[in-house]
Amino acid sequence: MPQTVKGVISRAKGADVEVVDVVVPDPGPGEAVVAIKTCGVCHTDLHYREGGINDDYPFLLGHEAAGTVEAVGEGVTEVAPGDFVILNWRAVCGQCRACAKGKPWYCFDTHNAKQKMTLTDGTELTPALGIGAFIEKTLVAAGQCTKVPEADAAAVGLLGCGVMAGFGAAVNTGGVTRGDSVAVIGCGGVGNAAVAGAQVAGATTIIAVDIDDRKLEQARHFGATHTVNSATTDPVEAIRGLTGGNGADVVVEAVGRPETYEQAFYARDLAGTVVLVGVPTPDKQVTLPMIEIFGRGGALKSSWYGDCLPSRDFPMLVELYKQGRFDLDAFVTERIGLGDIEAAFDKMHAGEVLRSVVEL
């Protein structure tokens, strides 16, 4: 039988979010119903509320979540009722040309649940990133559930989006390894996760760049060996000065703005790598001299979801967390309820939190 539960929606661009009754159908073939334990408040949810993704209102917000599988539909073998899972928004198909090439993290045909969750009057909801997890229970494609060892849901649930994006940008996309020098421009949740990833991977010089000294101090906690406040110091010159005049082996741009991308480009070493993980708005453009692109060699990459493969990366990172080698707890600034999400957006916009996490 369909269930009616509490969830948080956005009805119109810029309108405050609302806690409402949502009807969750029984899982169909290939689907699962997950009882949500926690969900982080991510900037992408704010993009949805502000109409920065599309205009398919009303949105059921939330996507950075962990919970317990309650029920599964026909043909589901990946997970079973009772499994503790982290939700992911790129359920790979296993059959497209990327998957066939052995690169499923690039899957070109990711999928979501076929059925729709609705309001009690039958209005269909658009779940954020195909998840919609600011809710007591949600319906997803079973492939969006990754079984992991039991752990604090508030911490490990953040692997569902921001932390995985940053960690993966450094390690998976950037290929950071032992002895590398790394610079990270933008030290919010994603940027600090990139700093942490660089440390776990064995980088010996990790330079955090931001305009907020509070964020730079947090970056030191996650493993930054040096910090640069780019509001008062030229970050390119600073990064070069800290790397023997050469520039960093890998520069992660976690802002998504032309000026910071240009800084990343010129702050890398010859044959170094720039990784763009900050999400730009559609109007942003960058101009670089082609001779510089050619002459400097190396690679300019973008990072989708940290180029992660959830079945590979989530369990591994949870184990690192449980071993005390990856401090996910430090990303959790506060634990809140469903009714506190609008205030959490304000705190995020003001730079007061790394992550507010909704507990259900």
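# A walk through a predicted model

Let's start with a sheet. Five strands form an open sheet, in the order β7-β2-β1-β4-β8, and the pairing is mixed. Its edge strands are β7, residues 118–119, and β8, residues 126–127. Each of those two pairs on one side only. Before I go on, one caution: this is a predicted model.

Now look inside that sheet. Strand β1 covers residues 3–10, and strand β2 covers residues 18–24. How many bridges join them? There are 7, and the two strands run antiparallel. Find threonine 4: opposite it, in β2, stands valine 23.

β2 and β7 are joined by 2 bridges and run antiparallel. A general point while we are on strands: in a regular strand, side chains alternate between the two faces of the sheet.

Let's zoom out to the whole chain. It holds 11 helices and 18 strands. The C-alpha atoms fill a box of roughly 65 × 40 × 40 Å, taken along the principal axes. Does that go with a compact or an extended chain? Take the radius of gyration. A compact globule of 360 residues would have one near 21 Å, and this chain has 20 Å, so the value agrees with a compact globule.

What about the inside? Of the 360 residues, 54% are buried. Contacts tell a related story. Among contacts with a separation of 6 or more, 69% are between residues 24 or more positions apart.

Please find β3, residues 31–40. This strand is mostly covered, with 8 of its 10 residues buried. Which strands does it pair with?

Partner β9: the pairing is antiparallel, over 5 bridges. Here glutamate 31 has alanine 141 of β9 as its bridge partner.

Partner β5: 8 bridges, again with the strands running antiparallel. Look for cysteine 39, whose bridge partner in β5 is alanine 65.

Partner β18, residues 356–359: 3 bridges, in the antiparallel sense. Threonine 38 has glutamate 359 of β18 as its bridge partner.

Now a helix. Helix α4 runs through residues 162–173. How many of its 12 residues are buried? The number is 10, so call the helix mostly covered, with buried meaning under 20% relative accessible area. Among the buried ones are Val163, Met164, Phe167 and Thr173. Several glycines and alanines are on that list too, including Gly162, Ala165, Gly166 and Ala169.

What does the covering? The cover includes the strands β5 (64–72), β14 (248–253), β15 (268–276) and β16 (299–302). It also includes two helices, α5 (189–201) and α10 (310–322). After α4 comes glycine 175, with a positive phi near 65°.

Last stop: the backbone details. Where is the cis peptide bond I want to show you? It joins tyrosine 57 and proline 58, with omega about -5°. Proline 58 lies in the loop between α1 (43–49) and β4 (59–60).

Two more residues deserve a look. Leucine 129 has a positive phi, near 50°, and is not a glycine. You will find leucine 129 in the loop between β8 and β9 (137–141). Aspartate 307 also has a positive phi, near 45°, and is not a glycine either. Its loop runs between β16 and α10.

Are these two buried or exposed? Leucine 129 has a relative accessible area of 21%, so it counts as partly exposed. Aspartate 307 is at 4%, so it counts as buried. The cut-off for buried is under 20%.

That's the tour. Thank you.

How values were computed:
Residues are numbered from 1 along each chain as its sequence is written. This is a predicted model: local features need pLDDT of at least 70, side-chain atom pairs count only at pLDDT 80 or more; totals for chains, interfaces and linings use all residues. Side-chain values use heavy atoms; hydrogens and water are left out. Two strands pair if DSSP finds at least two bridges between them. Helices (H or I, at least four residues) and strands (E, at least two) are DSSP runs, numbered from the N terminus. The radius of gyration is taken over C-alpha atoms; the globule rule is 2.2 Å times the number of residues to the power 0.38. Buried means under 20% relative accessible area, exposed over 50%, partly exposed in between (1.4 Å probe, protein chains only). Contact means heavy atoms within 4.5 Å.
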